[in-house]
Amino acid sequence: MYTNTLVHALLLLSTVYCQNAPSSSKRGLVYVPNEKTRSDDSIWVSDTSDLTWYYNYEPTPSPAFSNSTKLQFVPMLWGASPTTFLDDVTKQIEGGANISYVLGFNEPDGDMSTGGSNIPADTAAEIWQREIEPLKEMGVKLGAPAVTGAPTGHTWLQNFFTACDGNCSVDFIPVHWYGNFEGLASHIGQVRGTYPNKTIWVTEYANNNVPLEDSQIFYNQSSQYFDRLE
């Protein structure tokens, strides 16, 4: 789901900023520019911030952090375009940028009206082999397509790997979830059971449409849970 808001992310979770939250080097940022909250940009790179990386649904860095040495940028190929993703990332690496990870398609099983990239699994497999797979030879770790938390996401990802026929290297599985903590933990358990040898990144999550107090409780539960996971 793509929204015009700021959402935080972790290597094993994405998180809403919360005062007195425990420190973790896993924590990163989903950055979506917002004119109304531009002053928040300085928070993410302040000395008190424990964020270490960010992504922005784009293949190139956000101008707000282009000179930052604190946040490592993680490029994403959001949908079927741009077809220059490989060139864009290669140029950054050749220019000295520390590109250690990239992310695949954003919610390819979802409709564009809710932020999904709506790509057939076989088409995504073809694009992946052309635009993402060659980065493996440059030492970049590749994140699988980030499907929705709906059953269609599970099916889409299985169809994607079938279409790849062994030609898509994946180092970690991004996860999206919108709902309560019990659902989140159950969903991650299912993903871990399906892909037991892969690291899990939760790159979008929230207990949406609930009061602030409930969101804070959800954050505290989930952050403690994620920090216990290896």
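Residues count as buried under 20% relative accessible area and as exposed over 50%. The model shown is predicted.

**Figure 1. Overall fold of the protein chain.** The protein chain holds six helices and eight strands. Along the sequence these run in the pattern β-β-α-β-β-α-β-α-β-α-β-α-β-α. The chain has 230 residues, of which 47% are buried. Of the contacts between residues at least 6 apart in sequence, 68% join residues at least 24 apart. The exposed surface comes to about 11200 Å², with 50% of it supplied by carbon and sulfur atoms.

**Figure 2. The largest nonpolar core.** This core has 49 residues, and Val102 and Phe160 have the most contacts inside it. Elements giving two or more residues to the core are the helices α2 (85–94), α3 (121–131), α4 (151–164), α5 (181–194) and α6 (212–228), together with the strands β7 (172–178) and β8 (199–206). The largest share, five residues, is that of α3.

**Figure 3. Surroundings of Val102.** Neighbours within four places in sequence are left aside here. The residues in contact with Val102 include Val74, Pro75, Phe85 and Val89. Also in contact with Val102 are Ile132, Leu135, Val140, Lys141, Leu142, Gly143 and Phe172. Another core, of 10 residues, lies apart from the largest one; among its residues are Tyr57, Val74, Met76 and Leu103.

Figure 4. Helix α4 has 14 residues and spans 20 Å from its first C-alpha to its last, close to the 20 Å expected at 1.5 Å a residue. Gly153, Trp156, Leu157, Phe160 and Cys164 are buried in α4. These residues lie on the same side of α4, because they cover an arc of only 100 degrees around the axis. An α-helix has 3.6 residues a turn, so residues three or four places apart point the same way. The buried residues of α4 pack against α3 and β7. Pro151 and Thr162, on the other side of α4, are exposed.

**Figure 5. The end of α4 and the disulfide.** Asp165 follows α4 and has a positive phi, near 55 degrees. The structure has one disulfide, formed by Cys164 and Cys168 with their sulfur atoms 2.0 Å apart. The link is left-handed, with -85 degrees about the S-S bond. Cys164 has 2% relative accessibility and therefore counts as buried. Cys168 has a relative accessible area of 11%, so Cys168 is buried.

Terms used
Residues are numbered from 1 along each chain as its sequence is written. This is a predicted model: local features need pLDDT of at least 70, side-chain atom pairs count only at pLDDT 80 or more; totals for chains, interfaces and linings use all residues. Side-chain values use heavy atoms; hydrogens and water are left out. Helices (H or I, at least four residues) and strands (E, at least two) are DSSP runs, numbered from the N terminus. Buried means under 20% relative accessible area, exposed over 50%, partly exposed in between (1.4 Å probe, protein chains only). Contact means heavy atoms within 4.5 Å. Accessible areas come from the Shrake-Rupley method with a 1.4 Å probe; for residues, only the protein chains shown count as cover. A nonpolar core is a set of buried Ala, Val, Leu, Ile, Met, Phe, Trp, Tyr and Cys residues joined through side-chain atoms within 4.5 Å. A disulfide is a pair of cysteine sulfur atoms within 2.5 Å. The expected span of a helix is 1.5 Å times one less than its number of residues. The arc is that of the directions from the helix axis to the C-beta atoms.
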